[in-house]
Amino acid sequence: LAPRAPDASVDEVLAWLKAHRDEIALGLGAAVVLGLGVAVDIPEQELTHVGHFVLSLLIGHFTVAGVTPALHTPLIAVTNAISGIIVVGGMLQLSGPLLSARVGCALAAVFLSSINIAGGFAVTQRMLGLFRQDIRR
């Protein structure tokens, strides 16, 4: 038997899913968060840590997104210092059970800040190379 061509309704559904991909992801994410909030008993202190982590992610995103592209490289140099502070703060939060929200957020903060520091130094070094004058004449 030869394969059938898909119905027009299947194409319509696929087109709708592609057009509303962001809304579907947001709705599913909200449903997961709501489901976890109802089904899982999270201590208030752990929830506060997760809340601070999410707020810091949002603040960092909107801070960097609001900067013009010409200023991104100097901003990276400044965020290296901030990321160093985040690494120290994350390492101070690493005590406790490994599968707790606090330790998970601290590990994520240390890992992502370390990547930011390494990338920041690489980009800054490259930027400084653009301004270096060749000594050989």
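The questions and answers below describe a predicted model of one chain.

Q: What is the secondary structure of the chain, and in what order do the elements run?
A: This is a predicted model, in which local features need pLDDT of at least 70, side-chain atom pairs count only at pLDDT 80 or more, and totals for chains, interfaces and linings use all residues. Residues are numbered from 1 along each chain as its sequence is written, and side-chain values use heavy atoms, with hydrogens and water left out. Helices (H or I, at least four residues) and strands (E, at least two) are DSSP runs, numbered from the N terminus. The chain has 5 helices and 0 strands, and from the N terminus the order is α-α-α-α-α.

Q: Why is the chain described as more spread out than a compact globule?
A: The radius of gyration is taken over C-alpha atoms, and the globule rule is 2.2 Å times the number of residues to the power 0.38. For 137 residues the rule gives 14 Å, and the chain is well over that, so it is more spread out than a compact globule, with a radius of gyration of 23 Å.

Q: What percentage of the 137 residues of the chain count as buried?
A: Buried means under 20% relative accessible area, exposed over 50%, and partly exposed in between (1.4 Å probe, protein chains only). By that cut-off, the buried part of the 137 residues is 12%.

Q: How many buried residues does helix α2 have?
A: Helix α2 covers residues 21–39, and its first and last C-alpha atoms are 27 Å apart, close to the 27 Å expected. The expected span is 1.5 Å times one less than the number of residues. Leu 28 lies in this helix and is exposed, at 56% relative accessible area. Helix α2 is hardly covered, and among its 19 residues the buried count is 0.

Q: Is Leu 107 buried or partly exposed?
A: Leu 107 is found in helix α5, residues 101–131. Its relative accessibility is 43%, so Leu 107 counts as partly exposed.
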